Amino acid sequence: MVIELIQEDTVPANVSILDDIHGMVHDRRSIEPAKNHLPSEELQRYTGNPVLRPIPEHPWESKYVLNAGSIRLGRKVYLLYRAYGDDSISRIGLATSNDGFSFNERLENPIFEPVCETEKRGCEDPRLALLGDQIYMTYTAYDGVVAQVALASISMEDFIAYRWNSWQRLGLFLPGQMDKDAVIFPEAFNGMIGIIHRIEPHIWITFSSDLRCPWPSKCHKILAIPSEGTEWDSKKIGAGAQPIKTKYGWLLITHGVDHHNVYLLGVMVLDLDNPSKLIYRSPNFVLEPTTEWELGNNNESWVPNVVFTCGALPTENGKNILESDDELIVYYGGADTVMNIATAKIGDLIPYEIRDSASPFFAAA
Ligand code: BMA
């Protein structure tokens, strides 16, 4: 009720009862470290935005293209984007690039589309991880009522050869559970595979010795919960891009939703060896909808006030672990209608004090 009143703007911004509601759900101090006030610097928009638009001549991607997962294989960047067409069903399309910014190849047909009842209204929001020589994709299976996390995989060899019949469906992650925003860590932790997911409104983390579905229903832990009050991330939060390995920890570009349903991007850093440990959460957002294609204030747009990411990649090829001066390209959907790009240096996203405290010298001291 309080949330509804806030949406109608009939309650002053600083409402303490909201904090009480969240307090009843969880004692946040047991979940997260005290919020620090070290801000991240904002992402910089690419001047060539939008980088992908719908193609009216392709019925399956005629209306909106959004929320792409990304992977680099060899010298090529692959964007797997959610496409929404004439029949109002989401499928996954492919665009490729040599530099990560200009996408000069786009396939005529989708590379992954609904085949069963649980995903009959769409396969949405793909996110990718390479484990060994196998590419794993999490996506949202939507049947028109329930949105669930599903997994699929394909070998790198079949992927590069565009053998889309080789996709294997692993099934639903937690069958029957409303769940979204799942990302897989690209390496195991003492033999355990890690997945971050979002059962509303929190971000959860879980580990299992096998990457299979259904995933065990035990051993799930809340990693982060929405902020208190009326902040940019106080309605719900979720993982965005796949975890990026940096010298300072696993970098997550997340999304936060406020009580006006504005979607913004933020930053979290998780401990490298024990990613259940949140070591940084940006108090601020690093990207908010401000441009025409994010505010969605034209006739072609779908959902207003949205920036939403499912993928990010280092600009430079071939580095296993990123450092302060390395640049990250963040691929994000604008107003659920087009694909955009923004960039930042790792050192701009992770404040100096956090980087410093993660350094081996500091740890030894
Ligand atoms: C989320 C997902 C995303 C979408 C976002 C904003 O729940 O459905 O695909 O971009 O909402 O509408």
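Helices (H or I, at least four residues) and strands (E, at least two) are DSSP runs, numbered from the N terminus. The views below show a predicted model, in which local features need pLDDT of at least 70 and side-chain atom pairs count only at pLDDT 80 or more, while totals for chains, interfaces and linings use all residues. Residues are numbered from 1 along each chain as its sequence is written, and side-chain values use heavy atoms, with hydrogens and water left out.

**View 1. The loop at Gly296.** Gly296 is found in the loop between helix 4 (292-295) and strand 19. Its relative accessibility is 17%, so Gly296 counts as buried (buried means under 20% relative accessible area, exposed over 50%, partly exposed in between, with a 1.4 Å probe and protein chains only). Ala335 is 39 residues from Gly296 along the chain, and the C-alpha atoms of the two are separated by 5.1 Å.

**View 2. The loop at Pro214.** Strand 12 (203-208) and strand 13 (220-224) have between them the loop that holds Pro214. Pro214 counts as partly exposed because its relative accessibility is 45%. From C-alpha to C-alpha, Pro214 and Phe173 are 4.9 Å apart in space, and 41 residues apart in sequence.

**View 3. The surroundings of the ligand.** Asn67, Arg82, Asp125, Lys180, Tyr263, Val303, Val306, Phe308 and Asp336 surround the ligand; a residue is near a molecule if one of its heavy atoms lies within 4 Å of it. By class, this shell has four nonpolar, one polar and four charged residues. Here Ala, Val, Leu, Ile, Met, Phe, Trp, Tyr, Cys and Pro count as nonpolar, Asp, Glu, Lys and Arg as charged, and the others, Gly among them, as polar.

**View 4. Polar side chains at the ligand.** Oxygen atoms of the ligand lie 2.9 Å from a polar side-chain atom of Asn67, 2.8 Å from one of Arg82 and 2.6 Å from an N or O atom in the side chain of Asp336. On its own the ligand has 310 Å² of accessible area, and the protein covers 86% of this (areas come from the Shrake-Rupley method with a 1.4 Å probe).

View 5. Seven bridges join strand 19 to strand 20 (residues 327-334) in the antiparallel sense. Thr309 stands opposite Tyr332 in strand 20.

**View 6. Aromatic pairs.** The whole structure has 17 aromatic pairs. Rings of Phe, Tyr and Trp (its six-membered ring) pair if their centres lie within 6.5 Å; planes under 30 degrees apart count as stacked, over 60 as edge-to-face and the rest as tilted. Phe103 and Tyr331 have ring centres 6.1 Å apart and planes at 80°, so their pair is edge-to-face. Phe103 is in strand 5 (residues 103-106) and Tyr331 in strand 20, 228 residues apart. Both Phe103 and Tyr331 are buried. Tyr263 and Phe308 form a tilted pair, with 6.0 Å from centre to centre and 55° between the planes. Because Tyr263 lies in strand 17 (residues 263-270) and Phe308 in strand 19, this pair ties together parts 45 residues apart in sequence. Tyr263 and Phe308 are both buried.

**View 7. An aromatic cluster.** One aromatic cluster is formed by Tyr78, Phe159, Tyr162 and Trp164.

Conventions
Polar contact = N/O pair within 3.5 Å; in protein donor to acceptor, adjacent residues only side chain to side chain. Pairing = 2+ DSSP bridges.
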